[in-house]
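Please open the structure in your viewer and keep the selection tool at hand. The stops below concern charged side chains and their partners.

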Amino acid sequence: VLQKQLFGNHHVCVASTYRCMSAVHMMVKKYEKARYCREEEVKIWRFIVKELLLQKEQDTIATTTTKEEEEEEEGGVEDKGFIIKHPKGMTNHLGIGNVADARKALSCVLHDLGSLFENSLYEYEKAVTCYEEALAVEMSMLEELKKKKTNQETNKDASSEEQEFKTLSMKMRETKRKIGGVHYKKGDFSMALMTSFHDSVGSSSSSQPKSVLK
């Protein structure tokens, strides 16, 4: 409660506290309470990712607008109006400024929640949903990495990005195996085989996975 008063409802510190609370509840096998804490953590990280993506988009618009304004000043072109620019440091209230790091955190929390549904609550459909959303997050990270690699002008960070690409690809394969493992537990062996090794996410996969959260 005190952290929410200090930082607001959507802050890294609040998410971290929920994570610690969840770990304690898991230790004493209070799985429903652990579930609540992890679901709240997921909500926070979803919000943070959304806010950071919005900032990134608006920063791009602001940068483009600034360049156009400079060109207009040099050429004496009439002013065409104004665009509200996203203020720098706006996401300080979130406690994080890197969307890639936020996506990694969201993926991690979704894996934890999926594991809780799978191994403690035995709610397999919800476990699959969590893993599928985690896979969608990881796929978006991979696409962003590909764009960055394509737009890269020098090979300065090529080796580190290549390693990051391999690590992320391995993570996605692990996520697919988890989805397949849940289907196997349900007795759906054909779906288990397909989701473990195929490029698709599964029967309920989509670009916008359904949520287990209320």
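The count of salt bridges comes to 13, a salt bridge being a side-chain nitrogen of Lys or Arg within 4 Å of a carboxyl oxygen of Asp or Glu. This is a predicted model, in which local features need pLDDT of at least 70 and side-chain atom pairs count only at pLDDT 80 or more, while totals for chains, interfaces and linings use all residues. Residues are numbered from 1 along each chain as its sequence is written, and side-chain values use heavy atoms, with hydrogens and water left out.

**First stop: E32 and R35**

Select E32 and R35, whose side chains meet in a salt bridge with an N to O distance of 3.8 Å. Both residues belong to helix α3 (residues 31–75), where they are three residues apart, about one turn of the helix. Helices are DSSP runs of H or I with at least four residues, numbered from the N terminus. E32 is partly exposed, at a relative accessible area of 48%, whereas R35 is buried, at 12%. Here buried means under 20% relative accessible area, exposed means over 50%, and partly exposed lies in between, with a 1.4 Å probe and protein chains only. Now extend the selection to E39, E123 and K126: together with E32 and R35, these residues are linked in a network of salt bridges.

**Second stop: R46 and E133**

Next, select R46 and E133, which form a salt bridge at 2.7 Å, N to O. This pair links distant parts of the chain, with R46 in helix α3 and E133 in helix α5 (residues 124–151), 87 residues apart. R46 is partly exposed, with a relative accessible area of 23%; E133 is buried, with 11%.

Move on to E118 and K185, a salt bridge in which the closest N and O atoms are 2.9 Å apart. Is E118 buried or exposed? E118 is buried, at 9% relative accessible area, while K185 counts as partly exposed at 41%.

**Last stop: H111**

Finally, select H111, which is also found in helix α4. H111 counts as buried, at 4% relative accessibility. Which residues does H111 touch, not counting residues up to four places away in sequence? They are Y131, A134, E138, K171, T175 and K178, where contact means heavy atoms within 4.5 Å.

Methods
Helices (H or I, at least four residues) and strands (E, at least two) are DSSP runs, numbered from the N terminus.
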